[in-house]
Amino acid sequence: MKIKFITFSIFFCFMVSFMHAQSVIRGVIVDNETDLPLKDVQLSVKGFTKIYTTNEQGVFEIDNLPIGNHMLIINYEDYLNQNIPFAIKADNEELDFGIIVLERNFEDDNDLSVITLTEDDLDENGSGGTENISGLLQSSRDAFLQAAAFNIGQARFRVRGYDSNQGTILINGISMNKLYDGRPQWNNWGGLNDVFRNQTYINGLQPSSQIFGGVLGVSSFDTRASSYRKQTKVSYSSSNSNYTGRVMASYSSGLQSNGWAYAVLGSGRFANEGYFEGSYYDAWSGFIAIEKKISDKHSLNLTAFIAQNKRGKSSPNTQEVYDLKGYKYNSYWGKQAGDDRNSRYRDINEPTFILSHYWNLSDKASLNTNVAYQFGHIANSRLGFFNAPNPDPTYYKKLPSYFLRDESNPDYANAYLAYENFRDYGQVTWEDYYDINMNRYDVNGNRLENSLYYQYEDRVEDNLFSASSILNASLTNDIILDAGVYYKNLTSNNFAKMVDLLGGSYFIDLDPFADPGKMQNNLNDPNRKVYTDDEFLYSYDINASTLNTFAQLQFQYSKIDFNVSGSYTNTSYQRDGNYRNGTFADNSFGKGERQTFNDFGVKAGATYKITGRHLILGNIGYITQAPSIRNTFANARVNNTIIPNIDSEKIATGDISYYYRAPKFKGRITGYYTKYQDGIETSFFFAQGLRGDDSDFVSEMLTGVDRRHMGMELSLEYDVTSTIKLKGAVAMGEYIYDNNPNLYLQSSSAEPLISYGQTYIKDYKLSNGPQNAYSLGFEYRDPDYWWVGANANIVSNNYLDIAPVLRTENFFLDSEGLPFNDIDENLAKELLRQEKFDSAFLVNLQGGKSWKVNQYYIGFFASVNNVLGELYKSGGFEQSRNANYQRLKEDKGRQTPLFGPKYWYGYDTTYFLNVYVRL
């Protein structure tokens, strides 16, 4: 019966082609399990508004297509969408796709924001950069990239070791990468999963029709209202990860006969306590898209979305702390009046509006123009204190190791008391801080009303205007032109905001770290009393703009395809200080010098088609990249100082791949090499032993940083039967520092930058997740619309983030600047040896089932990650407080170091369950 049906369908297509003399494509769409035809499948050609459907025999036909390269978009209820590229080479051409097979979408509700990383897993300096790279990869069907998104991604694996700022995120042609650090803020569209599924991912240097992109690739979201099929959907999710529950409801109208289309979504995510202690989650999101098809040539779309997200952070900890309190311990929270209260929360609310105009200039060209406006805030809270003991419950003087630091005369009694106190309590003591602030008196018995303890926010309020215009045109039958211009203008207000005086009446705006006589945070308003909701500590604006253009030519022939593209970017930053800082009185108030960078990028690629099954693809590129705002200013909070020797980073990169594609087997092997030169890295920390300064808060800058990324990727996929599929992925890489860059420090108590010369970090490994990863999995997809899958994964070669200040000449100098006279070189090498984490073996299970009941689709998806409960270090960093040889030798010689590395551990066994109803 199946053979007869397929024969009839092909015969039908042939007869239709005989009857028409215009350019036309046709084919037959069937179910991959039953081979039966699928009726009412929706089809469209990208850039055109008309929607086509299949008939009862699964046959479709699309006519009146112009010469050029096109994309066939296929949508069908409960099936995976397909985007199929094709080319019309001549007038009156007829192209028969034959049989197109659609697979059921069992993973329709796989929620990446739950089962993968969030930026809360990173240290506060943001050095991780792994946040939601999985989101960048979710649309790829490549087995390796799928493993990176869903399986090894949970262990902070990064594709080729790249930071997330090396990938470009577009929403309706507008770049969503932040000017502050180049990274996308995924929380801006968190909880909007069902309307952010129309995604195209371009891997690495491969050509994108919308933008030049970065070395990690381009991920483009399409939220055009007409791109959503008509449906209503309600879902509920449960998890034991970042949040415990999620509700989501959406409706989309599809393109109506009057030319209007709209889509709306609302969702909420919540947890009184997430995976870590005290890590609450409170997030609410909304989305609306409205489109009007004005004519066959013009269409307007307005997209607006908001994703308010407030959640409690979790702390990295030393091994001593984990051993005492367990691996879900979080030092940031404590009880207040019987309720949990987290001292460090992250609050994000940045509504976004995008207006898009789609213009079909002709049969061979289209122009997409977009304007966007985003505003709102990102706030990170913490406890502040002035002339009072440190409120951190893990402060080194509160732990047992502090009382055992003198191993010749250990204080066992106080060590035991510290052990008991930390074991039984060990949290933020909110009520104590209220008591201290409310019950302080002078010698005359008068109450002292100024707070010694308080909670405040580091707050950023951005106003960002963006615009883009993208041209796509077929110049000839074989040549495509893509070009675009993009503009951003940012006004960013940065300040500290008083949240809670914790029982006190006010706070005097002074800097406790500054030298006497320089403690005023604002000399223009000295000794100011700060009340709740006031700005204080620091305040400055950043005015920034970027202008980018790109052009690209794609050549497509029978045996070879190749492309060339180039880009130019102008970037400008300027700081405008609102406070005159006491330490930096002459270099903090008013506008600083404007910094301008002019950068370019060129890349080229080619695909050689040995046969239909064997392909070789290669790409090369050279890109210069302006430093981000973060990596331009030495310490923007308190001065206008620019990082010395600032320059654009240079990136030289290339890759080559072999693809094998057969009906049952698909494979890819890729080799890659990327060299970064003249990069800049910044961080902030508390240090001891820096050239006579017993203690200080400093900003650290590395300039002229070279890094090298090289390795290979292997992707395998084999259909054992029509229902069983095996998948494999291998990543083997080496990511290292490739030179000895220069290091500068700026202290909060001294104005001039201090040069520490070179830091000897060449050949140290980058701390950017596992450099090797292996994944093997299988899927069983039953014809009765249920499926199960399992994956076994090994991640290895993950390293601790080093402290560069420990690897300068200063490390070997005493407090008077003289060399230590008892240096053991072998011991010094051992003290500075980079820690390599143990490998981890992770097993994940997934499954789902769907039913059709009358006109309703009902289904569920479930996953369990790290089934075996593997305990593993996923990241961490050296503390820089022991900044010389003698201090580090003394500390590491202890049974329990006072300032050991701080670690993150990967999640234990976690689950995610989603149930939905769709109409």
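This is a predicted model: local features need pLDDT of at least 70, side-chain atom pairs count only at pLDDT 80 or more; totals for chains, interfaces and linings use all residues.
Residues are numbered from 1 along each chain as its sequence is written, and side-chain values use heavy atoms, with hydrogens and water left out.

**Salt bridges**

I found that Arg 160 and Asp 655 form a salt bridge, with 3.5 Å between the closest N and O atoms (the term asks for a side-chain nitrogen of Lys or Arg within 4 Å of a carboxyl oxygen of Asp or Glu). Arg 160 lies in the loop between α4 (143-150) and β8 (167-171) and Asp 655 in strand β32 (649-661), so the pair ties together parts 495 residues apart in sequence. Helices (H or I, at least four residues) and strands (E, at least two) are DSSP runs, numbered from the N terminus.

I also looked up Arg 894, which bridges to Asp 891 at 2.7 Å; both are buried. The structure holds 40 salt bridges.

**Helix α7**

Next I turned to α7, residues 412-424. I noted Ala 415, Ala 418 and Phe 422 as buried. They cover an arc of only 60° around the axis, which puts them on the same side of α7; the arc is that of the directions from the helix axis to the C-beta atoms. On the other side, Tyr 412, Ala 413 and Leu 417 are exposed. After α7 comes Gly 426, with a positive phi near 65°.

Key:
The expected span of a helix is 1.5 Å times one less than its number of residues. Buried means under 20% relative accessible area, exposed over 50%, partly exposed in between (1.4 Å probe, protein chains only).
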